Amino acid sequence: MRELASGIQLEKSGSQLEFLDEELRNYIIAEAKTILQIQDGRPQLPKTLPRFFNQVRRIRDDDLKFLKKETEDPLYLGNVRSGSKELKTRIHVNAREAIPHHILIPATTGRGKSNLVKVMLWELMDIENIGMLVLDPHDEYYGRNELGLKDHPNQEKLKYYTPDASKVEGMAYSLNINLKSIRPEHFDGIVEFTSAQEDAIKLYHNKFGEDWIQKIITGERVDDQEGDKEKVRPSTLSVLQRKFDNILGIYEENGRLKSRGGVFTTDAGDSTIKEVIQSLEAGEIVIIDTSRLMGEAELLVGSIIVGAIFNKYQKYKADGTLEEKPIIGIVIEEAPRVLGKEVIEKQGHNIYSTVAREGRKFNIGLVAITQLVSLIPRTILANMNTKIILGNEMSQERAEIIASASQDLSDDNRTIASLDRGEAIVTSIFTKFAVPIKIPLFEEHAQEKVNKGEDKPPLLSYEELVR
Ligand SMILES: Nc1ncnc2c1ncn2[C@@H]1O[C@H](COP(=O)(O)OP(=O)(O)OP(=O)(O)O)[C@@H](O)[C@H]1O
């Protein structure tokens with residue numbers, strides 16, 4: 001009947017077409033898919049179909065009581081969504097489980113990735129024993145000039161490193177990294193060197209130890225044993241000098257080393273890396289404002305920190321103390337820069353791809369954000385056991401996301417394309433089914449808590465109490 005009516009509509013009267021009995025003829029076809037069966041209040045994977053002619057209705061909060069059971073270390077992601085209707089039921093994952101199993105946030109631009117990460121970090125500020133390293137290329141999480149993590153009531157758990165700390169109101173640390181903190185392996189898989197350049201680096205490192213970069217930049221000669229032949233060709237040395245200038249902003253002028261941007265230096269920042277690692281090991285959230293760094297320098301800073309943490313955690317595992325240590329999470333934007341197939345094939349593994357493959361054993365996980373999932377190898381995608389899928393209009397990307405999801409999303413291709421800002425689907429080995437959620441807008445979500453904190457009566461001093 002409907003098909004016939006639509007034919008008439010096309011050919012003749014269009015929307016002016018009148019039905020004698022409109023109510024009777026109009027109907028909506030809904031396709032249903034069984035995702036979960038609730039038996040005695042407990043969710044189970046469905047083995048049977050609902051009865052024929054069973055009543056169909058929209059989901060209600062009451063139906064989701066089983067989700068309300070207390071999760072340990074709950075990381076709130078948003079509320080359950082039915083279409084674009086938001087329910088009251090809140091969705092949490094256990095942060096201590098989900099982070100070491102890696103979280104992937106795939107989305108095209110403008111769909112609310114940054115907002116989601118802000119909400120997640122805000123929530124993590126309340127959870128103990130989780131250290132988060134946040135490489136922040138847009139300097140958007142701390143909230144320098146607007147509401148941000150700095151406004152959280154637990155702000156002492158936050159450490160913010162930025163190149164211009166003195167200009168920041170509130171507690172900020174200078175992002176200075178001494179060249180001596182950088183070792184050749186920190187560049188692995190991040191910066192491409194020819195084999196001649198790699199040999200030169202090895203030679204300088206062997207000969208000058210932690211001063212190796214400095215000596216390359218000042219062009220110190222490395223002569224070979226026989227004394228008459230240079231082991232490093234001048235052209236190789238000058239390419240290395242140019243690379244370090246580009247990446248680190250370090251160059252020589254009138255016999256002195258200069259630092260463009262001031263992040264990498266020779267005269268400060270001896271303890272920065274050590275302090276960051278201490279904070280992470282104390283379960284704090286460390287934001288590194290990398291907005292002034294070149295992409296490679298940002299990855300390098302992360303590589304130095306993550307490499308050191310990874311080594312430490314390997315040792316903790318070996319000596320049986322790993323479980324006493326906080327979980328470590330690393331937030332990285334544009335993840336294909338380090339997890340991309342091409343990058344790994346061409347430049348070999350880097351510390352981030354090592355964490356993606358092996359971090360779970362050492363309680364270290366990634367929160368990887370990307371617009372282009374298809375660039376990441378399936379083996380790595382399959383290892384990312386929680387995916388918070390935001391809207392994506394690129395069909396190839398959707399296909400990859402669906403193929404690597406923890407639940408069957410094969411019918412959800414169009415749904416993913418039409419997800420509005422802040423709407424997402426959470427698919428995870430830690431949820432029984434792929435849950436559609438609405439992520440709150442950070443400003444509203446955070447303001448609620450800030451206001452609540454302000455409503456609290458001020459703490460009384462001892463004198464006031466005994467008076
Ligand atoms: N959960 C949400 N509810 C309502 N509005 C949202 C939500 N998330 C994001 N928005 C709005 O959408 C816009 C884009 O958000 P956001 O910057 O988080 O997106 P993005 O994916 O990180 O974008 P980009 O890739 O450009 O950084 C913002 O103006 C924000 O206010």
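Reader: Let's start with the ligand. Which polar backbone atom is 2.9 Å from an oxygen atom of the ligand?

Author: That one belongs to asparagine 115. Keep in mind as we go that this is a predicted model.

Reader: Noted! Which side chain has an N or O atom 2.9 Å from a ligand oxygen?

Author: The side chain of threonine 109 does. There is also a ligand nitrogen atom to look at: a polar backbone atom of isoleucine 439 lies 2.6 Å from it.

Reader: And how much of the ligand does the protein bury?

Author: The protein buries 67% of the 620 Å² that the ligand exposes when taken alone.

Reader: How many residues surround it?

Author: The ligand is surrounded by 13 residues, and Thr109, Lys113, Ser114, Asn115 and Ile439 are the closest. By type, the shell has six polar, four charged and three nonpolar residues.

Reader: Which element gives the largest share of that shell?

Author: Helix α4, residues 113-124, contributes three residues, the largest share.

Reader: Great. New topic: how many salt bridges does the structure hold?

Author: There are 18 of them. Take lysine 159 and glutamate 284, whose side chains meet in a salt bridge with an N to O distance of 2.8 Å. That pair links distant parts of the chain, 125 residues apart: lysine 159 sits in strand β7 (residues 158-162), while glutamate 284 is in the loop between α8 (272-281) and β13 (285-289).

Reader: Are those two buried or exposed?

Author: Both lysine 159 and glutamate 284 are buried.

Reader: What about arginine 378, which residue does it form a salt bridge with?

Author: Its partner is glutamate 400, with the closest N and O atoms 3.0 Å apart.

Reader: Why does glutamate 400 count as buried?

Author: Its relative accessible area is 16%, and buried means under 20%. Arginine 378 has a relative accessible area of 48%, so that residue is partly exposed.

Reader: Which residues do salt bridges with shared partners join into one network?

Author: Asp139, Arg144, Asp164, Asp289 and Arg292. Within that group, arginine 144 and aspartate 139 form a salt bridge, and their closest N and O atoms are 3.0 Å apart. Aspartate 139 is buried at 17% relative accessible area, whereas arginine 144 is partly exposed at 23%.

Reader: Switching to the surface: which residues form a nonpolar patch there?

Author: Leu372, Leu375 and Met394 do, with about 220 Å² of accessible area together.

Reader: Where is methionine 394 found?

Author: Look in the loop between β16 (386-389) and α14 (395-403). Methionine 394 has 32% relative accessibility, so it counts as partly exposed.

Reader: And isoleucine 388, is that buried or exposed?

Author: Isoleucine 388 is buried, at 0% relative accessible area. That residue is found in strand β16.

Reader: Last one: how far is isoleucine 388 from glutamate 296, C-alpha to C-alpha?

Author: Those C-alpha atoms are separated by 27 Å, and the two residues are 92 residues apart along the chain.

Methods
Residues are numbered from 1 along each chain as its sequence is written. This is a predicted model: local features need pLDDT of at least 70, side-chain atom pairs count only at pLDDT 80 or more; totals for chains, interfaces and linings use all residues. Side-chain values use heavy atoms; hydrogens and water are left out. Patches are made of residues with over 30% relative accessible area and no salt bridge: like charges are joined within 9 Å, nonpolar side chains (Val, Leu, Ile, Met, Phe, Trp, Tyr) within 5 Å. Accessible areas come from the Shrake-Rupley method with a 1.4 Å probe; for residues, only the protein chains shown count as cover. A salt bridge is a side-chain nitrogen of Lys or Arg within 4 Å of a carboxyl oxygen of Asp or Glu. Helices (H or I, at least four residues) and strands (E, at least two) are DSSP runs, numbered from the N terminus. Buried means under 20% relative accessible area, exposed over 50%, partly exposed in between (1.4 Å probe, protein chains only). A residue is near a molecule or strand if one of its heavy atoms lies within 4 Å of it. A polar contact is a pair of N or O atoms within 3.5 Å; within protein, one must be able to donate a hydrogen and the other to accept it, and residues adjacent in sequence count only if both atoms are side-chain atoms. Ala, Val, Leu, Ile, Met, Phe, Trp, Tyr, Cys and Pro count as nonpolar, Asp, Glu, Lys and Arg as charged, and the others, Gly among them, as polar.
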